[in-house]
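Please read it alongside the structure shown here.

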Amino acid sequence: MPAKPTKTANVEKLLRRRKGATILQLQKSTGWQAHSVRAALTGLRKKGHDIQRSKDLKGVTTYRIVEEA
């Protein structure tokens, strides 16, 4: 039986989507509070992931892992 993916792996998967993910989406996916999600983003940055932050027309911030070409 394969191992269950970690919550951090799930966060990384959501951030790799073309549209990325919002803090709220990441919270719902993991069950974490907002400050824990932001700490996970910092941890991914420290591991060398380039995380892009952008805002949509409604002012909602979206995070996405940017792949290097």
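## Helix packing

H1 passes H2 in a right-handed crossing, meaning that the near helix is turned clockwise from the far one by less than a right angle. The two helices pack at an angle of about 145°, with their axes 10 Å apart; axes are lines fitted to C-alpha atoms over the stretch in contact, and angles run from 0 to 180 degrees between N-to-C directions. H1 contributes Lys7, Asn10, Val11, Leu14 and Leu15 to the contact, and H2 contributes Leu26, Ser29 and Thr30. Contact means heavy atoms within 4.5 Å. By class, the contact has four nonpolar, three polar and one charged residues, where Ala, Val, Leu, Ile, Met, Phe, Trp, Tyr, Cys and Pro count as nonpolar, Asp, Glu, Lys and Arg as charged, and the others, Gly among them, as polar.

This is a predicted model, in which local features need pLDDT of at least 70 and side-chain atom pairs count only at pLDDT 80 or more, while totals for chains, interfaces and linings use all residues. Residues are numbered from 1 along each chain as its sequence is written, and side-chain values use heavy atoms, with hydrogens and water left out.

## Nonpolar core

The largest nonpolar core has twelve residues, including Val11, Leu14, Leu15, Leu26, Leu41 and Tyr63. Such a core is a set of buried Ala, Val, Leu, Ile, Met, Phe, Trp, Tyr and Cys residues joined through side-chain atoms within 4.5 Å. At least two of its residues come from each of H1 (7-15), H2 (23-30), H3 (34-46) and strand E3 (61-65). Helices (H or I, at least four residues) and strands (E, at least two) are DSSP runs, numbered from the N terminus.

## Sheet

Three strands form an open antiparallel sheet in the order E1-E3-E2. E1 and E2 are the edge strands, each pairing on one side only; two strands pair if DSSP finds at least two bridges between them.

E2 (residues 51-55) and E3 are joined by five bridges. Gln52 stands opposite Arg64, and Arg53 has Tyr63 as its bridge partner. The hairpin of E2 and E3 has five residues between the strands, and Gly59 in the turn has a positive phi of about 90°.

## Gly20

Gly20 lies in the loop between H1 and strand E1 (21-22). Gly20 is buried, with a relative accessible area of 2% (buried means under 20%, exposed over 50%, partly exposed in between, with a 1.4 Å probe and protein chains only). Beyond its neighbours within four places in sequence, Gly20 is in contact with Leu14, Leu15, Gln25, Thr62, Tyr63 and Arg64.
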